[in-house]
Amino acid sequence: MARPSRSEFNARTQKMVGSLRDAIVQGSLQTGDYLPSEVELGRTFGLSKESVRRALDILVEEGLIAKIRRVGNRVKGPFPPHEVYEGPVSRTGEGTNKGGALNPAASLYRDEGQREDRNTPELSIQTGETVLCLAYHPSLQEEVKLQEAVQAYEGLHPDVRVRMIPTPFPLDLAEHGMADVVTVTAWDALKLKEKNSSMSLFADAPLTDYAHPILSRPFQAEDGRLTTAPFVYSPLVLCYNRSHFAECGIAEPGEDWTWYTLLKTARTFNKQLDARGFVVHIQSINRWPVFLLQNGFRFNTGKGKRAAEDPALWESLRISRDLIYQQGDSVLWTDSDGDVERWFHDGRASMILTTFFGLNRLRNNNRLDYGVAPLPSLSSKDTLLLTTGLAVNRRSASQEAAGSLIRYLCGQEVQSGIRRGTLTLPVHPGALTLPVEQLEGNRPHGEARVTGQWDRYRLYSDLHLSTHVLEAVSEELKVYWSRLEDEAEASERIEVLLGV
């Protein structure tokens with residue numbers, strides 16, 4: 001296919017700028033509205049991400065939009081619809097492109113068949129509807145079918161509309177006053193608590209049911225106030241291909257497994273099967289800390305010894321490095337947890353370290369016979385608990401409606417739907433006890449063994465280290481995991497980060 005000419009690129013840029021400008025000036029996009037993502041705009045107008053950014057810069061210079069870091073592009077305005085905005089000449093040498101306007105209600109910032117939504121909470125003068133903005137982590141659509149649940153809520157509450165904004169940074173939208181309700185991970189909550197121990201960004205969490213007190217611990221402010229309602233959770237688990245175990249005549253993982261048992265088994269699979277014995281995205285902050293938790297290692301314990309020289313630290317990290325190199329010098333590096341589940345889905349990995357969130361990528365593969373087991377142990381059988389909750393922005397003008405939405409999403413009906421239609425674990429105790437015959441999709445063997453081991457669940461906060469230092473340590477460990485430095489060298493670098 002021929003590469004578009006410069007003039008064609010210019011025409012596409014003019015069309016994008018003119019369409020967005022017209023939508024803003026004519027009132028289809030209003031002050032505070034959130035433009036589509038750069039990826040979506042590029043797809044709509046046939047432009048690269050860099051070309052989209054240059055086009056958006058024109059609107060920034062014209063004062064029509066503002067770029068908000070890590071959030072997106074927001075309309076500044078206002079320009080009354082009856083006024084004619086001439087606008088400055090763009091970089092392309094053209095003025096407003098009146099012939100290239102989008103139909104905003106059809107394709108600019110909402111999906112086909114959806115109602116026009118605003119980006120900020122408001123009370124609609126025309127209809128009397130309360131409009132809520134829900135900022136959520138994009139993966140939740142697959143993990144809990146969030147859009148369907150929200151649509152069901154709207155059906156029960158015709159006076160409320162919910163504008164859904166998928167974003168990797170829901171807290172940023174809340175801090176900019178652009179969301180009434182946000183999803184909050186345990187890691188998000190810990191970061192926020194370090195900035196503001198009272199977590200004053202959030203109102204008090206609506207009263208909901210959840211199965212165990214540990215699910216709310218990540219979301220409690222320093223004074224004990226619960227700021228976020230627990231929504232879904234997962235421990236880290238070992239997932240394994242049952243067919244591979246049967247083919248090699250090896251017993252499936254049990255309570256007696258250690259990481260050394262796993263290493264031995266992985267090497268057997270590497271030799272006998274056309275598959276990687278074990279795969280983990282070790283660099284993830286949601287993965288490698290579990291080895292420290294299992295070995296009882298804690299930073300800043302006040303025992304007077306240097307944390308970076310603690311044998312428990314290096315025994316934990318040594319096993320994590322051995323897992324990377326369990327097939328000799330042939331290393332399989334991963335970019336994300338998704339790589340791991342995809343390779344397992346395709347039969348290229350025999351065992352993986354994952355979560356029930358990630359297992360959703362497997363539920364439609366009816367040819368896969370797989371199981372889950374508790375993690376192999378070091379000095380303990382602990383595992384890392386990952387929890388996601390829902391919080392009300394204290395600055396929301398519609399806190400009552402926001403609380404109503406959260407109570408519905410955390411109620412037994414929605415939670416039972418999550419349990420029935422996904423592999424994600426709901427927090428509601430009634431939903432967790434649904435009979436197996438009511439559960440849909442290809443589900444793992446041995447699921448019940450790992451879904452309620454509350455005494456084994458540990459949190460990031462149990463490591464007694466701030467999130468920014470833990471992230472920095474994670475970056476430094478990449479050098480150690482790559483075998484570019486030994487433990488003595490890595491210890492010196494980590495000591496600097498710990499302020500020793």
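Residues are numbered from 1 along each chain as its sequence is written, and side-chain values use heavy atoms, with hydrogens and water left out. Because the model is predicted, local features need pLDDT of at least 70 and side-chain atom pairs count only at pLDDT 80 or more, whereas totals for chains, interfaces and linings use all residues.

The largest pocket has a volume of about 1,200 Å³, where a pocket is an open set of points on a 1 Å grid over the protein atoms alone, with protein on both sides within 12 Å along at least five of seven lines, and lining residues have an atom within 4 Å of a point. A volume here is the space filled by probe spheres set on the points, which are joined across faces, edges and corners. The pocket is lined by 39 residues, of which H137, T185, W187, D188 and N286 are the closest to its centre. Helix α8 gives the largest share of this lining, 7 residues, and the elements that each supply at least two residues are α5 (140-144), α7 (170-175), α8, α13 (337-345), α14 (356-359) and β12 (383-392). These elements are DSSP runs numbered from the N terminus, helices being H or I of at least four residues and strands E of at least two. By class, the lining has 14 nonpolar, 13 polar and 12 charged residues, with Ala, Val, Leu, Ile, Met, Phe, Trp, Tyr, Cys and Pro counted as nonpolar, Asp, Glu, Lys and Arg as charged, and the others, Gly among them, as polar.

The largest cavity holds about 110 Å³ of space, and its lining includes R276, F278, V279, L323, I324 and W333. The lining of the largest cavity comprises 8 nonpolar, 3 polar and 1 charged residues. In the second largest cavity there is about 50 Å³ of space, and among its lining residues are P235, L236, P374, K381, R456 and Y457.

Helix α8 (residues 186-195) also packs against helix α18 (residues 467-481), their axes coming within 9 Å and crossing at roughly 125 degrees; axes are lines fitted to C-alpha atoms, for helices over the stretch in contact, and angles run from 0 to 180 degrees between N-to-C directions. The two helices α8 and α18 are therefore oblique to each other, since angles under 35 degrees count as roughly parallel, over 145 as roughly antiparallel, 65 to 115 as roughly perpendicular and the rest as oblique. Here W187, L190, K191 and E194 of α8 meet T467, H468, L470 and E471 of α18, contact meaning heavy atoms within 4.5 Å.

Helix α6 (residues 146-156) and helix α15 (residues 399-409) pack at about 120 degrees, with their axes 10 Å apart, and are therefore oblique to each other. Their contact divides into 9 nonpolar, 1 polar and no charged residues.

Terms used
On a 1 Å grid over the protein atoms alone, a cavity is a set of points where a 1.4 Å probe fits but cannot get out, and a pocket is an open set with protein on both sides within 12 Å along at least five of seven lines; lining residues have an atom within 4 Å of a point.
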